[in-house]
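Subject: Structure for your review

Dear colleague,

Please find below the structure that I promised to hand over to you.

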Amino acid sequence: MSALLEIHGLGKRFGGLAANRNISFDVNEGEVVGLIGPNGAGKTTLFNCISGFFPPSSGSVRFAGQDITGWPADRVLHAGLARTFQVVRTFPDMSVRDNVIVGAFARTRRLAEARTIADELLAVTGLEYLAAAMGNSLTIAEKKRLEITRALATQPRLLMLDEAMAGLNPLERAQAVELLRTIRGRNVTIVLVEHVMEVLMPISDQVVVLDSGAKIAEGPPATIVNDPAVIAAYLGGKYRPRLEATDS
Ligand SMILES: Nc1ncnc2c1ncn2[C@@H]1O[C@H](COP(=O)(O)OP(=O)(O)OP(=O)(O)O)[C@@H](O)[C@H]1O
Ligand SMILES: [Mg+2]
């Protein structure tokens, strides 16, 4: 069986800058794949290339057995691949419920059906109590949760989350991890970009590491945290001791 997402030789240039260089990896259905690397490594660029926000300069993207390379974002979304944004994109002057209904419109044109989908997902992500609140009245944690809810309302097979936990306090982060486990339990495959290793490592089945636009390592978390190249490029001594401490 082939993987749900297959990235092959993907490259992206911005003028003289190679933001992504010859990146290849697979994401199997049902997995959580963590994508890590220092600031500017090319993680968001890779998300943008995969999800159709701009076309890659080279290489290919296959999703659910189809070559989706260069497809526009809305077509990728309809194929079942949704993503969230590093900088949240909540519609400020719409209610939380309407924000989610916008996502559901990717699946149905009928308002009643879109409402049903939205209400079900607001219950799943624990935002029901804010359904009537306006987008601009939410805290950052609530906005991030709303983005995830809206992405889920498109009923994706693959959800790509770009720093869904940045700026959250420890309690909010724990709640976000709980939400990721719930999403995975609904058979949604997840690709996760996150700088908080204590969050990313325990939940990831596989980790892909980027540095200066290229993949420098790939493997299960336990291998990645001990990989000298990854430690040199990103982890330093900083995360390893804490991870080992939580493992025991
Ligand atoms: N639209 C763009 N035009 C020109 N350069 C860009 C564009 N988007 C990203 N870049 C550059 O590509 C490189 C990779 O950026 P990218 O945002 O993908 O990194 P990242 O790994 O997501 O970093 P961070 O962890 O800070 O979010 C950076 O040098 C960035 O300045
Ligand atoms: Mg980024």
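A crossing of two helices is called right-handed if the near helix is turned clockwise from the far one, and left-handed if the near helix is turned anticlockwise from the far one by less than a right angle. By this rule, the crossing of H3 and H4 is right-handed. Please note that the model is a predicted one.

**Helix packing**

The axes of H3 and H4 cross at roughly 120 degrees and come within 8 Å. On the H3 side, the contact is made by Arg97, Val100, Ile101 and Ala104, and on the H4 side by Ala114, Arg115, Ile117, Ala118, Leu121 and Leu122. Sorted by class, the contact of H3 with H4 has 8 nonpolar residues, 2 charged residues and no polar ones.

Helix H3, which covers residues 96–104, also packs against H5. Here the angle is about 35 degrees, and the axes are 7 Å apart. The crossing of H3 and H5 is right-handed as well. H3 contributes Val96, Asn99, Val100, Val102 and Gly103 to this contact, while H5 contributes Leu146, Thr149, Arg150 and Ala151. The residues of the contact of H3 with H5 comprise 5 nonpolar, 3 polar and 1 charged.

**The nonpolar core**

Which residues touch the most other members of the largest nonpolar core? They are Ala118, Leu159, Ile190, Leu192 and Val209, in a core of 65 residues. Helix H4 (residues 111–124) supplies the largest share of this core, with 5 residues. If residues up to four places away in sequence are not counted, Ala118 touches Arg97, Val100, Ile101, Ala104 and Ala153.

Ile148 belongs to helix H5, which spans residues 140–152. Is Ile148 buried or exposed? Ile148 is buried, because 23 other C-beta atoms lie within 10 Å and the cut-off for a buried residue is 20 or more. Apart from its neighbours within four places in sequence, Ile148 is in contact with Thr84, Thr125, Leu161, Ala164 and Leu179.

Thr149 and Pro228, by comparison, are 79 residues apart in sequence and 37 Å apart in space, from C-alpha to C-alpha.

The residues around ligand 1 are Phe14, Leu17, Ala19, Gly37, Asn39, Gly40, Ala41, Gly42, Lys43, Thr44, Thr45 and Gln86. Two elements give two or more residues to this shell, namely strand E2 (17–27) and helix H1 (43–51). H1 gives the most, with 3 residues. By class, the shell around ligand 1 has 7 polar, 4 nonpolar and 1 charged residues.

Helix H1 is largely enclosed by the rest of the structure, because 8 of its 9 residues are buried. The buried residues of H1 are Lys43, Thr45, Leu46, Phe47, Asn48, Cys49, Ile50 and Ser51. Just after H1, Gly52 takes a positive phi of about 85 degrees.

**Other backbone and loop details**

Which residues other than glycine have a positive phi? Asn22 has one of about 50 degrees, and Glu163 has one near 55 degrees. Asn22 is located in strand E2. With 14 C-beta neighbours inside 10 Å, Asn22 counts as partly exposed. Glu163 sits in the loop between strand E7 (158–162) and helix H6 (170–185). Glu163 is also partly exposed, with 19 other C-beta atoms within 10 Å.

Finally, Arg186 lies in the loop between H6 and strand E8 (189–193). Arg186 counts as exposed, because it has 11 C-beta neighbours inside 10 Å and the cut-off for an exposed residue is 12 or fewer. Arg186 and Gly30 are 156 residues apart in sequence, yet their C-alpha atoms are 9.3 Å apart in space.

Yours sincerely,

A colleague

Definitions and conventions
Residues numbered from 1 in each chain as written. Chains lettered and ligands numbered in written order. Predicted model: local features only at pLDDT ≥ 70, side-chain atom pairs only at ≥ 80, totals over all residues. Helix = DSSP H or I, 4+ residues; strand = E, 2+ residues; numbered from the N terminus. Contact = placed C-beta atoms within 7 Å. Near = placed C-beta within 6 Å. Nonpolar A, V, L, I, M, F, W, Y, C, P; charged D, E, K, R; others polar. Core = buried A, V, L, I, M, F, W, Y, C linked by C-beta atoms within 7 Å. Axes fitted to C-alpha atoms, helices over the stretch in contact; angles between N-to-C directions.
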